[in-house]
Amino acid sequence: MAAARRSSRRFRAAGDWVDAAFARGFVGDKHAASLVACWDDFEEALSWQPPVMLFSGFGFTVDRANVVVQGEFVQRRSKLFNTFIGADAWYLMSGYRVGAFLPYLQVADVSPDTGSFQAPQKTTALGLRWDAFASAAVK
C-alpha cells in the first residue's frame with residue numbers, strides 16, 4: 001500500500017510590530033482512503049483522489065507599544081472525515097500591556113459544516129497574562 005501524500009504551503013511576513021502567516025496543507029492519495037475501516041463503499045473510497053484532508057489557516061499578531069491584537073481563521077475539510085472534522089473557526093484577542101501584565105478579551109467561534117457531528121461553539125473570555133520570566137508566561 002502506498003503511503004499518504006502530504007503537502008503544505010506556507011507564507012509568513014513580519015515587521016517591527018506586525019506578524020502575519022498563511023498555511024495550507026493536505027493529506028491525499030487514492031490509497032489513503034483504505035485506512036478508513038468505517039467507509040461504506042470501499043471501492044468508492046479507493047477511487048477518490050486527493051485531497052483526502054485539507055487544512056487552511058491565516059493568523060496575525062499586532063504588538064505595538066502596549067496594544068496587542070491577535071487573530072486566526074482556520075478551515076478544515078475532508079472528503080472522507082468531514083462529519084468529524086469539517087469546520088470553520090476563528091478567534092480574536094485584544095489586550096493592553098501594563099508592565100509585566102496583559103489583561104485581554106478573547107472571542108472565538110467554531111462553525112461545523114452541515115451534517116457534522118460537532119456542535120457549534122462560541123466563547124468569550126477575559127484573561128490575564130503575566131510575563132513571569134523572560135522565557136515563561138502564566139495565564
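This is a predicted model: local features need pLDDT of at least 70, side-chain atom pairs count only at pLDDT 80 or more; totals for chains, interfaces and linings use all residues.
## Starting at Asp19

The side chain of Asp19 makes a polar contact with the side chain of Arg12, at 2.6 Å. Asp19 has a relative accessible area of 22%, so it is partly exposed.

Where does Asp19 sit? You'll find it in strand 2, which covers residues 18–28. If you skip its neighbours within four places in sequence, Asp19 is in contact with Arg12, Ala13, Ala14, Gly59, Phe60 and Thr61. Take Gly59 from that list: it lies 40 residues from Asp19 along the chain, yet the C-alpha atoms of the two are separated by 8.4 Å.

How many salt bridges does a search of the whole structure find? The count is 6. One of them joins the side chains of Asp63 and Arg97, at 3.1 Å from N to O. This pair ties together distant parts of the chain: Asp63 belongs to strand 3 (residues 53–64), while Arg97 is in the loop between strand 5 (87–96) and strand 6, and the two are 34 residues apart. Asp63 has 33% relative accessibility, so it counts as partly exposed. Arg97 comes in at 21%, and therefore counts as partly exposed as well. For reference, buried means under 20%.

Next, look at Arg129 and Asp131, whose salt bridge has its closest N and O atoms 2.8 Å apart. Arg129 is partly exposed because its relative accessible area is 31%, and Asp131, at 29%, counts as partly exposed too. There's also a network to look for: Arg77, Asp88 and Asp113 are joined into one by salt bridges that share partners.

## Strands side by side

Now for the way the strands line up. Strand 3 and strand 4 (residues 67–78) run antiparallel, with 12 bridges joining them.

What happens between strand 3 and strand 4? The two form a hairpin with 2 residues between them, and Ala65 is in the turn. Ala65 has a positive phi of about 55° although it is not a glycine. Why is that worth a second look? Because most residues other than glycine have a negative phi.

Is Ala65 buried or exposed? Its relative accessibility is 68%, so Ala65 counts as exposed.

## Two buried polar residues

Let's move to Asp109, which is found in strand 6 (residues 101–112). Asp109 counts as buried because its relative accessibility is 7%. What does its side chain meet? A polar contact of 2.7 Å joins it to the side chain of Ser111. Leaving out neighbours within four places in sequence, Asp109 is in contact with Asp88, Ala89, Trp90, Gln121 and Lys122.

Finish with Ser116, in the loop between strand 6 and strand 7 (121–133). Ser116 has a relative accessible area of 16%, so it is buried. Which backbone atom does its side chain reach? It is the backbone oxygen of Thr83, at 3.1 Å. Beyond its neighbours within four places in sequence, Ser116 is in contact with Asn82, Thr83 and Gly86.

How values were computed: Residues are numbered from 1 along each chain as its sequence is written. Side-chain values use heavy atoms; hydrogens and water are left out. Helices (H or I, at least four residues) and strands (E, at least two) are DSSP runs, numbered from the N terminus. Buried means under 20% relative accessible area, exposed over 50%, partly exposed in between (1.4 Å probe, protein chains only). A polar contact is a pair of N or O atoms within 3.5 Å; within protein, one must be able to donate a hydrogen and the other to accept it, and residues adjacent in sequence count only if both atoms are side-chain atoms. Contact means heavy atoms within 4.5 Å. A salt bridge is a side-chain nitrogen of Lys or Arg within 4 Å of a carboxyl oxygen of Asp or Glu. Two strands pair if DSSP finds at least two bridges between them.
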